[in-house]
Amino acid sequence: MRARPKHMACISVGSLYLCITQLGIAKIDAADLVAISQCRCTAGDLERMAAIISTKLGVQPSTVPVTALTFVRIYYHMFRNAAFHLGLGEFYDKAISLADLELRLEILICDALCVSVRASELALVLVCTQMDAHVNSYVSSANPMISGLVDFAIELQRMAKIPDPSFFRSHSLVVRTLTQYNAQKKTPYRQRLVWKLSSRTMRVLRPTHRLNSHLPTIDEHKTVNNSRSLPRHRNCSFSSDDDDGEWSSLVYN
């Protein structure tokens, strides 16, 4: 659905509120969610937006939604059963990991280019992409059973009603997205940090360009040659607690 930019914050928080309600997670109050997210809307606006999204998507309350994650888990176990049936269980467990598939799926879902791909197609392409490199290395060992796993993937594509042009287009899209993501992890972050201060903060700050952090060392043992200051010698000191109560006189040389 089309939405104005000022409504995007409310739509995103409303989707989160709808997801919490549908999955039966510990429900959070709409007013608290608005205060935490700072989406500049009221609790009533948030609930109305969640209802609009639910109507648009045809969400059924108290039912677990079928997403790409659901298909990834189904395809993972289907391929695993087929691999064990063909005697390739050790190869499959070494090549495919469910946790790794879920992590890669999260990367793809966060990319705007992969949003238009069907959930079942995206999941199947992801599993096939993960197996590509391992299958190529396994074929070099002249194992005849690996072709059965490839035929199983082709049969799944046919049953999911995914045409070849769409499958190849989604495959190239998934490979490009994952390649770009891995390249970003290897590239060091070189952007310079720039402090942006408001005019109000600038008025409060003290100028520091004239401050010197290197101060000269103070010579504490320096001898002062001053003829006016004569050393004073004290002798015959008495206590004030004496009987006569008189202070002793100080004799100066």
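Mentor: Let us begin with what an angle between helices refers to: axes are lines fitted to C-alpha atoms, for helices over the stretch in contact, and angles run from 0 to 180 degrees between N-to-C directions. Two packed helices are described by the angle between their axes and the distance between the axes. Please keep in mind that this is a predicted model.

With that in hand, look at helix α4 (residues 68–85) and helix α8 (residues 146–159), which pack with their axes 10 Å apart and at an angle of about 145 degrees. The crossing in which α4 passes α8 is right-handed. On the α4 side of this contact you will find Tyr75, Met78, Phe79, Ala82 and Ala83, and these meet Leu149, Phe152, Ala153 and Leu156 of α8. Sorted by class, the residues of the contact of α4 with α8 comprise 9 nonpolar, no polar and no charged ones.

Now turn to another pair, helix α1 (residues 8–23) and α3, whose axes come within 8 Å and cross at roughly 75 degrees. Angles from 65 to 115 degrees count as roughly perpendicular, and α1 and α3 are therefore described as roughly perpendicular to each other. From α1, the residues Cys10, Ile11, Val13, Gly14, Ser15, Tyr17 and Leu18 take part, and they meet Asp45, Leu46, Glu47, Met49, Ala50, Ile53 and Ser54 in α3. This contact of α1 with α3 divides into 9 nonpolar, 3 polar and 2 charged residues.

If you leave aside its neighbours within four places in sequence, Ser54 is in contact with Leu18 and Val59, and Leu18 is one of the α1 residues listed for the contact with α3.

Finally, step back to the whole protein, which has 10 helices and 0 strands, so that, reading from the N terminus on, its elements run α-α-α-α-α-α-α-α-α-α. Of its 253 residues, 26% count as buried, while the protein exposes about 19,700 Å², of which carbon and sulfur atoms supply 56%. Among the contacts in the protein with a separation of 6 or more, 67% are accounted for by residues 24 or more positions apart.

Technical notes: Residues numbered from 1 in each chain as written. Predicted model: local features only at pLDDT ≥ 70, side-chain atom pairs only at ≥ 80, totals over all residues. Heavy atoms only, no water. Contact = heavy atoms within 4.5 Å. Helix = DSSP H or I, 4+ residues; strand = E, 2+ residues; numbered from the N terminus. Parallel < 35°, antiparallel > 145°, perpendicular 65-115°, else oblique. Nonpolar A, V, L, I, M, F, W, Y, C, P; charged D, E, K, R; others polar. Buried < 20%, exposed > 50% of the residue type's maximum accessible area, 1.4 Å probe, protein only. Areas by Shrake-Rupley, 256 points an atom, 1.4 Å probe, with all protein chains shown as cover. Left-handed = near helix turned anticlockwise from the far one by under 90°.
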